Amino acid sequence: MAVGSSSPSRTTAAAAPQPATAAVPAAPANPEFLTTEEAGAFLRLSPRTLEKQRVLGGGPRFRKFGARVVYAATDLRAWADGRAYGMTSDPGYVQRDSVR
């Protein structure tokens, strides 16, 4: 072929738009409901700790959708905010009923 050839180049074919596929929509960046693993990561707790607290009590509120357990992000934040203390002598800081 000549140097000044007018044949289509490969870059033109590669740059063509691809047809849209029927993909699953991406999860939102800040989901309203979190799985046990996501809630554990959010609170920096083990998912097993959250499972134990569901049985024994004392953990954040949760919801059941069929067999699935989820936590609302607002409930996790409210639960964490309820455990904020300024110093160790604050009333309520000492745990009376240990779950261990």
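Mentor: Happy to. Before we list any partners, contact here means heavy atoms within 4.5 Å. Keep in mind too that this is a predicted model.

Trainee: Great. Which residues is Asp-75 in contact with, leaving aside its neighbours within four places in sequence?

Mentor: Asp-75 touches Pro-60, Arg-61 and Arg-63 once those neighbours are set aside.

Trainee: And where is Asp-75 placed?

Mentor: Asp-75 sits in helix α4, which covers residues 73–81.

Trainee: Is Asp-75 buried or exposed?

Mentor: Asp-75 counts as buried, because its relative accessibility is 17% and the cut-off for buried is under 20%.

Trainee: Okay, switching to helix packing. At roughly what angle do the axes of α2 and α4 cross?

Mentor: The axes of α2 (residues 36–43) and α4 cross at roughly 40 degrees, and they come within 11 Å. The crossing of α2 past α4 is right-handed.

Trainee: Which residues meet there, from α2 and from α4?

Mentor: From α2 you have Ala-39, Phe-42 and Leu-43, and they meet Leu-76, Arg-77, Trp-79 and Ala-80 of α4. In that contact of α2 with α4, six residues are nonpolar, one is charged and none is polar.

Trainee: Let's look at Ala-80, then. What is the relative accessible area of Ala-80?

Mentor: For Ala-80 the value is 34%, so this residue is partly exposed.

Trainee: One last thing: what separates the C-alpha atoms of Ala-80 and Gly-59?

Mentor: Those two C-alpha atoms are 9.6 Å apart, while Ala-80 and Gly-59 are 21 residues apart along the chain.

Conventions. Residues numbered from 1 in each chain as written. Predicted model: local features only at pLDDT ≥ 70, side-chain atom pairs only at ≥ 80, totals over all residues. Heavy atoms only, no water. Helix = DSSP H or I, 4+ residues; strand = E, 2+ residues; numbered from the N terminus. Buried < 20%, exposed > 50% of the residue type's maximum accessible area, 1.4 Å probe, protein only. Axes fitted to C-alpha atoms, helices over the stretch in contact; angles between N-to-C directions. Left-handed = near helix turned anticlockwise from the far one by under 90°. Nonpolar A, V, L, I, M, F, W, Y, C, P; charged D, E, K, R; others polar.
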